[in-house]
Amino acid sequence: MNRYEKILNNRVIVFGLLALAGWFVISESYLWWAQLSENAEQASDVALQENESGAGGESTASSSDASSTATDTLNNLAQQPTFEEVANVPDGEFNYGGSTTWAPLRKVLDPALMERFSAFQLQYTSPAPDSGRVAGSGTGIRMLLDGELDFSQSSRPLKEKERAEAKRQGNELKQVAVAIDGIAVAVNPSLGITGLTVTQLKQIYTGQVTNWRELGGPDLAILPYTRIAEDSGTVEFFTESVLDEEQYAPWTQFVENTTVGVRRVAENQGGIYYASAPEIVSQCLIKPLPLGEGGQFVAPYEPPYVETSDCPRYRNRLNAAAFQSGEYPLTRKLFVIVKENGEEEEQIGVAYANLMLTEEAKALIEGAGFVPLEE
């Protein structure tokens, strides 16, 4: 027997022993797994109670808040590989609305759905011009409660007062998490700041820090920008998770949308703005800023950083691994909000949620710059 035959025989023996050990572990674990399966439903009920009790309470900057449960308890949810395998997709024209964070996802998802289901027509519906409301998560939930929408999209969990109002109407609102998003912070590319802690971010927006020199940057006044707070899930998340419900500094400038916010930061070296990560990370005019604590910063983009001079030939891409693991400090989940009332709205909402949970939708979610849920 030559040297190579001996090596081959040794490998065969090792693989055989590993296979035998694996069979032993699986067989010994069977009874434990069976017992775990019997208790799964009870554990799920406990998780739901914890999720609902925290939906209107204090949020944190991690994924351990009320949005940590992947799905609310909702009848007829089922994960399928493709759109065609989703059952009970209704025919008709249906209205939905809500979060502006969902815009990149709507752009790729709606055409794909209507190509497969020609009779399933979805219409994004903004609030009436004379309503005094702007598009956003809170507005979409309000419109769903008022019967103006068949389902809504949200970038924050349901609040307890929203659930309570639905119950007063004889219905229930349920949330189904379908993707992971994060908040990214934009600064001027010439600023020279390598990163910020979440605490420093709070100090900027509450007015405790007013000059970039205090944070290791140039002697330059900080110009904080934010979207209008009313009905924006992103602003609500930031206010709760970063500012701890404290007031914005009086000199904070409010903009109507992210396009304007990015432009302001590009024009002003001292500017800073935050928004949904897919709206920030790939931009050529600004720099997405790494965030963290204790000097350990995590970038919202996938390293290495693509300089603005190389954009748009190359663009920064979302740091999906850091978002999925929770290593990036400001992550959240995106939800489909369903009115559970035993009527057509529930059928439509459940069908849309099931379509969003397919493997096919996960590819579109990733392509739109968000992170699909693993579970």
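The side chain of Asp-181 makes a polar contact with the side chain of Ser-276 at 2.8 Å, a polar contact being a pair of N or O atoms within 3.5 Å, of which, within protein, one must be able to donate a hydrogen and the other to accept it, while residues adjacent in sequence count only if both atoms are side-chain atoms. This is a predicted model, in which local features need pLDDT of at least 70 and side-chain atom pairs count only at pLDDT 80 or more, whereas totals for chains, interfaces and linings use all residues. Residues are numbered from 1 along each chain as its sequence is written, and side-chain values use heavy atoms, with hydrogens and water left out.

Asp-181 is buried, with a relative accessible area of 1%, where buried means under 20% relative accessible area, exposed over 50% and partly exposed in between, with a 1.4 Å probe and protein chains only.

S4 is joined to S12 by 10 bridges, and the two run antiparallel; here Ala-179 has Leu-334 as its bridge partner in S12. Ala-179 also stands opposite Pro-372 in S13, within an antiparallel pairing of S4 and strand S13 (residues 371-372) over two bridges. Antiparallel pairing likewise joins S4 to strand S8 (residues 271-276) through five bridges and to S9 through three bridges. In these two pairings Val-185 stands opposite Tyr-274 in S8 and opposite Leu-289 in S9.

Another enclosed element is helix H4 (residues 137-145), where eight of the nine residues are buried, so the helix is largely enclosed by the rest of the structure. The cover over the buried residues of H4 includes strand S1 (92-98), helix H5 (160-168), S4 and strand S12 (331-340). Just after H4, Gly-147 takes a positive phi of about 80°.

S1 pairs with strand S2 (residues 120-124) in the parallel sense over five bridges, and Gly-92 has Phe-120 as its bridge partner in S2. Together with helix H3 (residues 103-116), S1 and S2 make a right-handed β-α-β unit, right-handed meaning that, with the strands pointing away from the viewer, the path from the first strand over the helix to the second runs clockwise.

The largest nonpolar core has 60 residues, and those with the most contacts inside it are Leu-196, Leu-201, Tyr-205, Trp-212, Phe-238 and Ile-272; a nonpolar core is a set of buried Ala, Val, Leu, Ile, Met, Phe, Trp, Tyr and Cys residues joined through side-chain atoms within 4.5 Å. S4 gives the most to this core, with eight residues. Leu-196 also has a bridge partner, Leu-291 in S10.

The structure holds one disulfide, defined as a pair of cysteine sulfur atoms within 2.5 Å. Cys-284 and Cys-311 form it, with their sulfur atoms 1.9 Å apart, and the link is left-handed, with -60° about the S-S bond. The pair links distant parts of the chain, 27 residues apart, and both cysteines are buried.

Key
Helices (H or I, at least four residues) and strands (E, at least two) are DSSP runs, numbered from the N terminus. Two strands pair if DSSP finds at least two bridges between them. Contact means heavy atoms within 4.5 Å.
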